[in-house]
Amino acid sequence: MASLFPREGGCRCGKVRFRLTENPLVTAACHCRGCQRMSASAFSMTAIMPPTGLGIIAGETVIGGLHGELKHHFCGWCMNWIFTDPGVGIINVRSTLLDDPEGFAPFIETMTAEKLSWAVTPAAHSFEGFPAEAEFGPLMAAYAARQA
């Protein structure tokens with residue numbers, strides 16, 4: 001995916017703009033009820049990134065969602081969900097907010113135990129919960145190999 005970067009995107013109203021400058025570590029669809037509610041959809045789409053790969057280039061985000069351990073960043077005006085910082089050295093950027101979100105199909109899908117029966121993704125790997133920490137290295141390597 002190197003040829004796809006940098007990529008820019010923004011919230012619905014355009015007050016918050018961001019730039020991705022690095023390849024995602026992996027792309028995912030999350031089927032948890034929290035993501036369903038926050039995205040008002042069957043699942044949320046995310047590009048799991050190193051924090052250095054995201055830059056806010058216009059506007060500022062506000063914290064929303066449950067205001068807990070996970071820091072969900074939103075546009076303060078249109079309340080579009082931009083990214084999540086789970087506090088573990090990665091960030092989850094809502095890849096559908098990119099100006100051109102092609103090329104960000106989910107490689108993995110998580111929380112399929114809460115998946116709506118009719119929701120289908122092209123993900124190569126599915127997990128009833130979240131992958132175990134030891135599984136992320138091989139998943140990231142497989143994702144990178146597919147993008148090369």
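Ser95 is placed in the loop between S9 and S10 of this predicted model. Ser95 is buried, with a relative accessible area of 1%. Apart from neighbours within four places in sequence, Ser95 is in contact with Met45, Thr46, Ala47, Pro101 and Phe104. One of these partners, Phe104, lies in the loop that runs between strand S9 (91-93) and strand S10 (108-110). Phe104 is also buried, and its relative accessible area is 3%. A separation of 8.9 Å is found between the C-alpha atoms of Phe104 and Pro24, which are 80 residues apart along the chain.

The protein chain as a whole contains two helices and eleven strands. The order of these elements from the N terminus is β-β-β-α-β-β-β-β-β-β-β-β-α. The radius of gyration is 14 Å, close to the 15 Å that the globule rule gives for 148 residues, so the protein chain is as compact as a globular protein of that length. The C-alpha trace spans about 35 × 35 × 30 Å along its principal axes. Of the 148 residues in the protein chain, 41% are buried. Among contacts with a separation of 6 or more, 54% are made by residues 24 or more positions apart. The accessible surface of the protein chain amounts to about 7800 Å², and carbon and sulfur atoms hold 56% of that surface.

The largest nonpolar core has 16 residues, and the members that touch the most other members are Phe18, Leu20, Leu54, Ile82 and Val93. Two or more residues of this core come from each of strand S2 (17-20), strand S4 (44-49), strand S8 (81-85) and S9. Within the largest core, Leu54 is one of the residues that touch the most other members. When residues up to four places away in sequence are not counted, Leu54 touches Phe18, Arg19, Leu20, Phe83, Ile91 and Val93.

Arg19, one of the residues touched by Leu54, also takes part in strand pairing, as the bridge partner of Glu8 in S2. The pairing of strand S1 (residues 7-10) with S2 is antiparallel and extends over four bridges. Six residues stand between the two strands of this hairpin, in which Gly14 takes a positive phi near 90 degrees. In a regular strand, side chains alternate between the two faces of the sheet.

Zero disulfides are found in a search of the whole structure. Cys13 is in no disulfide, and the nearest cysteine sulfur, belonging to Cys11, is 3.7 Å away. A disulfide would require the two sulfur atoms to be within 2.5 Å. Cys13 is partly exposed, with a relative accessible area of 35%. Cys30 is likewise in no disulfide, the nearest cysteine sulfur being that of Cys32, 3.7 Å away. Cys30 is buried, with a relative accessible area of 8%.

Definitions and conventions
Residues are numbered from 1 along each chain as its sequence is written. This is a predicted model: local features need pLDDT of at least 70, side-chain atom pairs count only at pLDDT 80 or more; totals for chains, interfaces and linings use all residues. Side-chain values use heavy atoms; hydrogens and water are left out. Buried means under 20% relative accessible area, exposed over 50%, partly exposed in between (1.4 Å probe, protein chains only). A nonpolar core is a set of buried Ala, Val, Leu, Ile, Met, Phe, Trp, Tyr and Cys residues joined through side-chain atoms within 4.5 Å. Contact means heavy atoms within 4.5 Å. Two strands pair if DSSP finds at least two bridges between them. The radius of gyration is taken over C-alpha atoms; the globule rule is 2.2 Å times the number of residues to the power 0.38. Accessible areas come from the Shrake-Rupley method with a 1.4 Å probe; for residues, only the protein chains shown count as cover.
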